[in-house]
Amino acid sequence: MSIEASLHERSQSTCELCSSQTHLSTYVVPPHSQLTVDHAILICEKCLSEVDSPKDINHWRCLSDSMWSQVPPVQVVAWRQLTRLNSESWAQDLLEMMYIEPEQLNWAMIGMSDDDKPLDCNGVELKKGDDVTVIKDLPIKGSSQVIKQGTVIRGISLTPNDPTHIQGKANGQAMFVIAKYCRKK
């Protein structure tokens with residue numbers, strides 16, 4: 001049986017992300033490049049056109065079903081899309097509920113583009129343990145407090161659910177900060 005035939009059988013000839021039955025093709029999930037059943041999914045034209053840069057946000061609500069797939073490449077693509085859409089509250093909720101094995105999570109994180117990595121205000125990639133300085137006053141969500149410009153956050157952690165945020169402690173208080181409002185020390 002060919003690989004494409006195996007994918008059609010596994011997915012029952014539907015898109016493994018949104019269940020569409022039209023204009024299906026194979027998609028090899030990066031960073032893999034060889035077409036195998038273990039590294040590819042069957043995907044519709046709509047999902048394929050937005051897989052690296054989601055535009056039709058409501059289309060991706062389909063991930064509420066496909067994120068529970070037992071197929072590793074489907075889980076990887078679902079996690080990446082939810083991570084890219086993390087500014088949407090429904091995507092955040094789904095990402096918090098999603099369970100993904102460490103091996104698949106590693107695969108998902110490796111295949112993310114540079115746009116999906118935490119970058120400071122100068123475009124420098126931030127890594128776990130870095131020290132950063134806040135570059136402008138930032139209001140703390142749900143509070144009347146402000147993180148003042150010049151505040152140093154030492155030994156940051158990365159947030160796996162949202163690559164645009166970092167986590168750390170400043171003035172003895174744990175907080176999440178948007179990476180682009182920081183400068184690496």
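Helices (H or I, at least four residues) and strands (E, at least two) are DSSP runs, numbered from the N terminus. By that count, the protein shown above has six helices and nine strands. It is a predicted model, in which local features need pLDDT of at least 70 and side-chain atom pairs count only at pLDDT 80 or more, while totals for chains, interfaces and linings use all residues. Residues are numbered from 1 along each chain as its sequence is written, and side-chain values use heavy atoms, with hydrogens and water left out. Here is a friendly tour, from the whole chain down to single residues.

**Overall picture**

- The C-alpha trace spans about 60 × 30 × 25 Å along its principal axes.
- Of the 185 residues, 40% count as buried; buried means under 20% relative accessible area, exposed means over 50%, and partly exposed lies in between, using a 1.4 Å probe and protein chains only.
- Contact means heavy atoms within 4.5 Å. Among contacts between residues at least 6 apart in sequence, 55% join residues at least 24 apart.

**The five-stranded sheet**

- Strands of a sheet pair through backbone hydrogen bonds, either parallel or antiparallel. For the pairs named here, two strands pair if DSSP finds at least two bridges between them.
- Five strands form an open sheet, ordered β8-β7-β6-β3-β9, and the pairing is antiparallel.
- At the edges are β8 (173-178) and β9 (182-184), each of which pairs on one side only.
- Neighbouring strands of this sheet are turned by 40° against each other on average, direction ignored. The axes behind such angles are lines fitted to C-alpha atoms, for helices over the stretch in contact, and angles run from 0 to 180 degrees between N-to-C directions.
- On the β9 side, strand β3 (residues 132-134) pairs with β9 in the antiparallel sense over three bridges. Within this pair, T133 stands opposite R183 in β9.
- On the β8 side, strand β7 (residues 165-170) pairs with β8 in the antiparallel sense over six bridges. Here A170 stands opposite Q173 in β8.
- The hairpin of β7 and β8 has two residues between the strands, and N171 takes a positive phi near 55° in it.

**Helix α4 and its two partners**

- Two packed helices are described by the angle between their axes and the distance between the axes. As for the wording, angles under 35 degrees count as roughly parallel, over 145 as roughly antiparallel, 65 to 115 as roughly perpendicular and the rest as oblique.
- A crossing is left-handed if the near helix is turned anticlockwise from the far one by less than a right angle, and right-handed if clockwise.
- For residue classes, Ala, Val, Leu, Ile, Met, Phe, Trp, Tyr, Cys and Pro count as nonpolar, Asp, Glu, Lys and Arg as charged, and the others, Gly among them, as polar.
- Helix α4 (residues 72-84) and helix α6 (residues 102-110) have axes that come within 9 Å and cross at roughly 50°, so α4 and α6 are oblique to each other. Their crossing is right-handed.
- The α4 side of this contact consists of P72, P73, Q75, V76, W79 and R80, and the α6 side of Q104, L105, W107, A108 and M109. By class, the contact of α4 with α6 has eight nonpolar, two polar and one charged residues.
- Helix α5 (residues 89-97) packs with α4 at an angle of about 140°, the axes being 8 Å apart; α4 and α5 are therefore oblique to each other. This crossing is left-handed.
- W79, L82 and T83 of α4 meet W90, A91, L94 and L95 of α5. By class, the contact of α4 with α5 has six nonpolar, one polar and no charged residues.

- Q104 sits in helix α6 and counts as buried because its relative accessibility is 10%. Leaving aside neighbours within four places in sequence, Q104 is in contact with P72, Q75 and V76.
- V28 belongs to strand β1 (residues 24-28) and counts as partly exposed because its relative accessibility is 22%. Not counting residues up to four places away in sequence, V28 touches S33, Q34, L35, H39 and A40.
- K55 lies in the loop between α2 (45-50) and α3 (63-66), and is exposed, with a relative accessible area of 58%. Beyond residues up to four places away in sequence, K55 touches S49 and E50.
- K55 and V124 are 69 residues apart in sequence and 26 Å apart in space, C-alpha to C-alpha.
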